[in-house]
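Visitor: I would like to go through this model with a guide. Please keep to what can be computed from the atoms.

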Amino acid sequence: MTTIKLSANNSMPAVNPKRTVAELKELRSLTADENGAQRVAFTKTWLAAREWLREKLKDLPVEVHNDAAGNTWFTLAGASNKCLLIGGHMDSVPNGGWLDGSLNVLAGVEILRRINIQYNGKPPMTVRLVDWADEEGARFGKSLFGSSACAGNLNLDEARHLKDKDGIRLPDALRAVGIDFERVKESGAELKHAAAYLELHIEQGPVLLEMDLPLATVLGTFGVERHAITFHGQAAHSGSTPMNRRKDAFLAAGRMAQEIYRIAERSGNGVCTIGSCVTQPGIVTSVVEDCRITLDQRHLDPAALATLLADARAASAQFAHDGGISVSWERLWHIAPRPFHDDLIGLCDQAIRETCGKTHRMPSGPLHDAAEVGAAGVPTVMMFVQSLHGISHNKIEDTREEHLELAVIAFDKLAEKVIRWITTE
Ligand SMILES: [Zn+2]
């Protein structure tokens with residue numbers, strides 16, 4: 001079955017990254033159509049992809065089961081019950097790319113193969129691969145379902161009422177695939193002996209492409225502040241109202257649109273987005289009375305995130321004052337920054353440097369399952385590989401094959417370093 005060979009410089013068997021690329025293509029041919037990947041969680045195609053994954057691991061001495069939240073765990077039992085966890089997700093958005101989530105899983109498969117050979121089926125500690133259920137939240141609008149249930153962060157009262165576009169409730173959809181919604185948090189037992197969690201992922205952005213680097217160490221996932229801001233002015237006739245007599249709610253919103261660029265720049269690496277703008281009465285012949293915009297702010301540093309928000313609040317108050325109008329704020333959502341583990345960040349740097357000479361450290365704008373596992377107290381780090389076009393969640397999502405191969409090699413080195421790190425902890 002195997003084409004694994006010993007590497008030249010030591011006795012560690014080499015992973016076969018070309019096999020990972022071939023398997024990714026095989027998965028694509030099984031689960032994509034002309035519009036992209038169709039592995040949406042809880043669908044037939046997703047179940048077929050998971051069945052295919054089990055088949056790939058059937059020659060290894062791994063125990064396989066689904067936990068209470070539908071996450072699949074492949075466990076290679078070791079001499080110690082301390083666990084190294086490697087994670088990814090087989091699910092995709094509708095019309096998704098071929099690498100998002102599945103690269104992580106298939107790199108993990110390759111690492112399990114290597115460890116199994118190197119240690120004759122009995123590694124010094126237990127090594128587990130997890131395929132998280134419904135990372136994307138494409139159907140119910142709730143990302144990180146399986147990992148947040150496992151980490152204990154899933155809000156059951158909110159999730160219980162989620163419906164898909166056909167009006168099917170999340171608990172009913174879960175029952176159809178054998179998951180009891182009321183018991184999903186029992187999956188938390190899976191983290192009992194977890195000593196570290198590793199996740200490889202495509203960057204999904206343009207940073208590494210612009211720097212011409214294949215790989216980066218991820219410092220953590222951004223914290224997010226998401227608010228609706230409504231400016232309240234006065235509707236007035238667009239012909240009869242002199243410009244200096246207007247209480248124009250849109251003018252203040254327009255000034256915010258420019259100001260968030262200055263606020264983001266002052267913060268260092270933060271980002272701010274005004275993603276929607278709705279005006280009332282919203283007709284061509286009236287000054288805008290009410291203007292509601294949404295603001296999404298993200299930063300890796302909690303203090304800097306708080307400053308981003310405070311600056312935006314101050315600016316909105318100033319612009320409202322200047323225009324003789326008022327402003328109100330409503331928090332839509334919030335998540336704290338999730339910094340990764342310092343030691344593991346260092347080991348990830350080393351693994352990348354040994355593989356391709358140069359590395360880079362960057363935060364992740366998107367959330368990942370790793371953020372949930374890290375928040376549950378498991379030392380965690382992620383590795384990013386360059387994305388072409390800086391695009392994901394799209395069928396044009398792509399990464400150079402040579403970079404995919406480097407990613408598998410570096411990620412495997414990281415796994416071995418972390419096994420040693422856990423042993424000495
Ligand atoms: Zn993903």
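The questions below cover a metal site, a sheet, a serine and some salt bridges.

Guide: This is a predicted model, in which local features need pLDDT of at least 70 and side-chain atom pairs count only at pLDDT 80 or more, while totals for chains, interfaces and linings use all residues. Residues are numbered from 1 along each chain as its sequence is written, and side-chain values use heavy atoms, with hydrogens and water left out.

Visitor: Which residues coordinate the zinc ion?
Guide: Donors are N, O and S atoms within 2.8 Å of the metal (3.2 Å for Na, K and Ca), and since water is not among the atoms, sites may look incomplete. Along the chain the donors of the zinc ion follow the spacing H-x10-D-x100-H. At 2.0 to 2.2 Å, the zinc ion is coordinated by His-89 (NE2), Asp-100 (OD) and His-201 (NE2).

Visitor: Is His-89 buried or exposed?
Guide: Buried means under 20% relative accessible area, exposed over 50%, and partly exposed in between (1.4 Å probe, protein chains only). Asp-100 is buried, and His-89 is also buried.

Visitor: What is the order of the strands in the open sheet of four strands?
Guide: Helices (H or I, at least four residues) and strands (E, at least two) are DSSP runs, numbered from the N terminus. Two strands pair if DSSP finds at least two bridges between them. The edge strands, each pairing on one side only, are β10 (271–280) and β12 (326–335). The pairing is antiparallel and the order is β10-β11-β9-β12.

Visitor: How many bridges join strand β9 to β12?
Guide: Arg-226 stands opposite Trp-333 in β12. Strand β9 (residues 223–232) and β12 run antiparallel, and the number of bridges joining them is nine.

Visitor: Which strands does helix α9 touch?
Guide: Contact means heavy atoms within 4.5 Å. Axes are lines fitted to C-alpha atoms, for helices over the stretch in contact, and angles run from 0 to 180 degrees between N-to-C directions. Helix α9 (residues 302–322) packs on the sheet, and its direction makes about 160 degrees with that of β11. The strands touched by helix α9 are β9, β10, β11 and β12.

Visitor: Which backbone nitrogen does the side chain of Ser-387 reach at 2.8 Å?
Guide: Ser-387 is in the loop between β15 (380–385) and α12 (401–424), and at 1% relative accessibility it counts as buried. A polar contact is a pair of N or O atoms within 3.5 Å; within protein, one must be able to donate a hydrogen and the other to accept it, and residues adjacent in sequence count only if both atoms are side-chain atoms. A polar atom of the Ser-387 side chain lies 3.4 Å from the backbone nitrogen of Glu-203. The backbone nitrogen reached at 2.8 Å is that of Gln-204.

Visitor: How many salt bridges are there?
Guide: A salt bridge is a side-chain nitrogen of Lys or Arg within 4 Å of a carboxyl oxygen of Asp or Glu. By this rule the count is 28.

Visitor: How far apart in sequence are the parts tied together by Glu-23 and Lys-56?
Guide: Glu-23 forms a salt bridge with Lys-56, with the closest N and O atoms 4.0 Å apart. Glu-23 lies in helix α1 (residues 17–31) and Lys-56 in helix α2 (residues 44–56), so the parts tied together are separated in sequence by 33 residues.

Visitor: What is the relative accessible area of Arg-113?
Guide: Arg-113 forms a salt bridge with Glu-110, the closest N and O atoms being 2.7 Å apart. Glu-110 counts as buried at 0% relative accessibility. Arg-113 is buried too, with a relative accessible area of 6%.
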